[in-house]
Amino acid sequence: MRALILAAGRGLRMQLPEDQQIPKCLLQFAGKTLLERHLLLLRHVGISEIVLGLGFRHDLVESELDRLGWRPRPSIVLNDRFELGSMLTVHTLAESMTRGGSVLLMDADVLYDHRIASALVAGNRSVNRLLIDRDFETGEEPVKVCVRNGLVVEFRKTVAPDLSYDTVGESIGFFRYSESGARSLATRIAQHVQTGHVNLPHEEAIRDQLLERSQPFEVTDVTGAPWIEIDFAEDVARATRDVLPLLRDVP
């Protein structure tokens, strides 16, 4: 199993001055960058093969890897047109996604608990899996996962008011794919890119895949395990105040 970590974006919603902008995976919490925390948690659950999808200021991320001296060193795939968004970043990772074996697809800008990493990799690795948190703030920002009778019926920030479902949660932004599931997603991503939809978030291709139902997915509930996605400047304060104190260090 290998982990693909999406860390190409500029993080414009942080609204920092241009000379202060860094890849969000380099934000530090208690002396560790988000990148280092990803690497530690992945090692904790037995994942050593890691591929980073980089773009904006990739040199800073490479310098962080040098500082950490992490072995085996994560591979790097560059999206030179990172400003177009995550769809294209995932597309640049197609070879890493489709060369065999199961795959984790993870956003880099998440501070999260070890229980979330464990839930992602547990059990039969030939099963596709996505993670949800039922305890989330409503609004337009969270990507919502609506489930009816065990099947995902919607996967978007905006949900039709007349949609029927029995469970709804926020997507953590982490996915586990079987070998066939990863190939299926890569095909979906390529179709979007070839038809000029490169500006869409990669979640739209995942939505296509979920609603098509050619690939079965497990929806794993991680409600209660602390985590936060860092999108805005205020998220950094919330992460430090509310999430960081609840996290357990791993060796």
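How many of the eleven residues of α1 are buried? Nine are, so α1 is largely enclosed by the rest of the structure. The model is predicted: local features need pLDDT of at least 70, side-chain atom pairs count only at pLDDT 80 or more, and totals for chains, interfaces and linings use all residues. Residues are numbered from 1 along each chain as its sequence is written, and side-chain values use heavy atoms, with hydrogens and water left out.

**View 1. Helix α1 and its buried residues.** Leu34, Leu35, Glu36, Arg37, His38, Leu39, Leu40, Leu41 and Leu42 are buried in α1 (buried: under 20% relative accessible area; exposed: over 50%; partly exposed: in between; 1.4 Å probe, protein chains only). Helices (H or I, at least four residues) and strands (E, at least two) are DSSP runs, numbered from the N terminus. Gly46, which follows α1, has a positive phi near 90°.

**View 2. Strand β1 between its pairing partners β4 and β6.** Six of the six residues of β1 are buried. Arg2, Leu4 and Leu6 point one way, while Ala3, Ile5 and Ala7 point the other way. In a regular strand the side chains alternate between the two faces of the sheet. β1 pairs with β4 in the parallel sense over six bridges, with Ala3 opposite Ile50. β1 and β6 also run parallel, joined by five bridges, and Ile5 has Met106 as its bridge partner. Strands pair if DSSP finds at least two bridges between them.

**View 3. Phe174 in the largest nonpolar core.** This core has 36 residues, of which Tyr112, Ile116 and Phe174 touch the most other members. A nonpolar core is a set of buried Ala, Val, Leu, Ile, Met, Phe, Trp, Tyr and Cys residues joined through side-chain atoms within 4.5 Å. Elements that each supply at least two residues include β1, α1, β6 and β11. Beyond its neighbours within four places in sequence, Phe174 is in contact (heavy atoms within 4.5 Å) with residues including His38, Leu105, Met106, Tyr112 and Ile116. A second, separate core of 29 residues includes Val51, Ile132, Val143 and Tyr177.

**View 4. Asn128 in strand β8.** Asn128 counts as buried because its relative accessibility is 2%. A polar atom of the Asn128 side chain lies 3.0 Å from the backbone oxygen of Pro216. Leaving aside neighbours within four places in sequence, the residues in contact with Asn128 include Arg176, Tyr177, Gly181, Gln215 and Phe217.

Definitions and conventions
Polar contact = N/O pair within 3.5 Å; in protein donor to acceptor, adjacent residues only side chain to side chain.
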